[in-house]
Amino acid sequence: MPSDDFIDLLKLLIRAPSVVGAEHSFFRVLQRELEERGAKVTWYEGLLVAQGSDPFSTMFSAHIDRHGLVCTGPNEFQYAAFVSANRTDLLNNSVSEELMTKVTERFNHEEIYAYEPWSGVYRGKGTIKSSYVCEFRNNLIFETEGLEGVVAGTPIAFKDQLHIVDNRLEGQLDNVISAAALVHLFDHGFKGTAFFTAQEEAGKSWRYLLEWFRRFGGSTNRLFVVDTSPFPNVDAANEQLLVLREKDANATFNKDSTQLLEELCVKNKISYLYKNRYVENENAKRAEQGLPPSSLGSTELGRIIAASNGLVDGTTIQIPTIGYHTMHESAAVESVDAFLDMLKVVSNI
């Protein structure tokens with residue numbers, strides 16, 4: 001089981017809202033927690049940077065936005081990720097979209113609350129009655145109860161808290177669990193840099209990160225991006241403790257960094273899986289059944305590698321989960337332990 005300190009931190013962070021496109025109040029919470037642990041914290045547009053005494057020794061990045069709704073008119077609520085991305089259609093070209101069109105029913109009866117995006121001040125609570133993909137607006141539309149007085153532009157978060165059930169941590173883990181892990185590193189003397197990015201679920205976070213590297217980056221910008229990785233069921237998720245990737249739909253990751261992680265997994269007896277190989281194997285089975293292939297996934301790292309012309313490179317470390325993009329996403333306690341251990345090993349802590 002992860003330490004009580006980590007669990008307490010995760011409980012605190014998971015209760016603080018951070019709907020995609022309205023993350024500012026969550027950055028304030030992160031700033032306090034990081035500065036209490038001795039980090040030097042700097043804000044940029046869409047990005048919070050926390051640095052120790054040797055900033056370029058190790059660099060991690062985690063997106064901090066979570067799914068939620070946004071009020072778009074009188075008693076009208078849409079899926080925040082697509083509004084934030086200025087998207088008006090579902091192209092089904094990412095894992096998120098493939099799943100969203102399937103899981104609209106999962107959000108029914110969930111408790112929600114409105115908050116001020118800048119301060120995080122609570123603005124009332126309600127419940128989702130139903131949700132559907134609107135054929136005219138091509139977005140996910142939610143019918144709610146209890147938030148009739150909320151004005152357009154107000155973010156609506158899912159009421160969330162951490163549960164521990166059958167040796168699994170459960171809640172809206174994507175990606176607050178990685179953010180908590182990076183904050184937790186500073187408790188253990190982390191000297192490197194931790195990036196916390198906004199609007200990853202809207203496909204924008206890589207831009208904020210790349211801006212930083214263009215201004216401040218060194219000659220070897222080796223970045224480790226940390227996140228959760230979805231699996232269809234507990235058995236599939238529990239086959240391995242950590243998920244690595246050689247590539248995603250956008251780019252091939254840094255081979256040396258990926259190889260380093262594989263060697264550290266072997267050395268520390270941590271089981272792992274390459275997600276891109278897993279998806280390719282599953283797609284071979286789907287092809288035999290006449291089904292279309294699933295996406296390799298579109299990650300923050302792949303986007304920034306593809307756009308940076310060699311300025312930024314790296315690889316990813318992920319926690320296998322089930323219940324992706326719901327309030328009931330869960331990760332095995334053993335996986336979370338292995339994830340925290342791996343971050344420390346990579347950081348030479």
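Because the model is predicted, local features are reported only where pLDDT is at least 70 and side-chain atom pairs count only at pLDDT 80 or more, whereas totals for chains, interfaces and linings use all residues. Residues are numbered from 1 along each chain as its sequence is written, and side-chain values use heavy atoms, with hydrogens and water left out.

Helices (DSSP runs of H or I, at least four residues) and strands (runs of E, at least two) are numbered from the N terminus. Two packed helices are described by the angle between their axes and the distance between the axes. The axes are lines fitted to C-alpha atoms, for helices over the stretch in contact, and the angles run from 0 to 180 degrees between N-to-C directions. Helix H5 (residues 176-185) packs with helix H11 (residues 333-346) at an angle of about 45°, the axes being 10 Å apart. H5 and H11 are therefore oblique to each other, given that angles under 35 degrees count as roughly parallel, over 145 as roughly antiparallel, 65 to 115 as roughly perpendicular and the rest as oblique. The crossing of H5 and H11 is right-handed; a crossing is so called if the near helix is turned clockwise from the far one by less than a right angle, and left-handed if anticlockwise. On the H5 side the contact (heavy atoms within 4.5 Å) is made by Ile177, Ser178, Ala181, Leu182, His184 and Leu185, and on the H11 side by Val336, Phe339, Leu340, Leu343 and Lys344. The residues of this contact divide into 8 nonpolar, 2 polar and 1 charged, where Ala, Val, Leu, Ile, Met, Phe, Trp, Tyr, Cys and Pro count as nonpolar, Asp, Glu, Lys and Arg as charged, and the others, Gly among them, as polar.

H5 also packs with helix H1 (residues 4-15), the two axes coming within 9 Å and crossing at roughly 130°. That angle makes H1 oblique to H5, and H1 passes H5 in a right-handed crossing. Here Asp5, Phe6, Leu9, Leu10, Leu13 and Ile14 of H1 meet Val176, Ile177, Ala180, Ala181, Val183 and His184 of H5, a set of residues that divides into 10 nonpolar, 1 polar and 1 charged. In the loop between strand S11 (168-171) and H5 lies Asn175, which is joined to Asp174 by a cis peptide bond with omega of about 0°.

The structure holds 9 salt bridges, a salt bridge being a side-chain nitrogen of Lys or Arg within 4 Å of a carboxyl oxygen of Asp or Glu. Arg32, Glu33, Arg37 and Asp187 are linked in a network of such bridges. Arg37 lies in the loop between helix H2 (24-36) and strand S1 (40-44) and Asp187 in the loop between H5 and strand S12 (193-197), so the pair ties together parts that are 150 residues apart in sequence. Glu33 is buried, with a relative accessible area of 7%, whereas Asp187 is partly exposed, with a value of 39%; buried means under 20% relative accessible area, exposed over 50%, and partly exposed in between (1.4 Å probe, protein chains only).

A further salt bridge joins Glu246 and Arg277, the closest N and O atoms being 2.8 Å apart. Glu246 lies in the loop between strand S14 (242-244) and helix H8 (255-267) and Arg277 in helix H9 (residues 275-288), so the pair ties together parts that are 31 residues apart in sequence. Glu246 is partly exposed at 26% relative accessibility, and Arg277 is partly exposed at 41%.

Ser25, in helix H2, is buried at 4% relative accessibility. Residues up to four places away in sequence not being counted, Ser25 touches Pro17, Tyr115, Glu116, Pro117, Trp118, Ser119 and Gly120. Arg303 lies in helix H10 (residues 300-308) and is partly exposed, with a relative accessible area of 24%. With neighbours within four places in sequence left aside, Arg303 is in contact with Glu200, Gly203, Trp206, Asn250 and Ser298.

Gln199, although not a glycine, has a positive phi of about 60°; Gln199 lies in the loop between S12 and helix H6 (205-216) and is buried, with a relative accessible area of 12%. Lys269, likewise not a glycine, has a positive phi of about 55°. Lys269 is placed in the loop between H8 and strand S15 (272-274) and counts as exposed at 75% relative accessibility.
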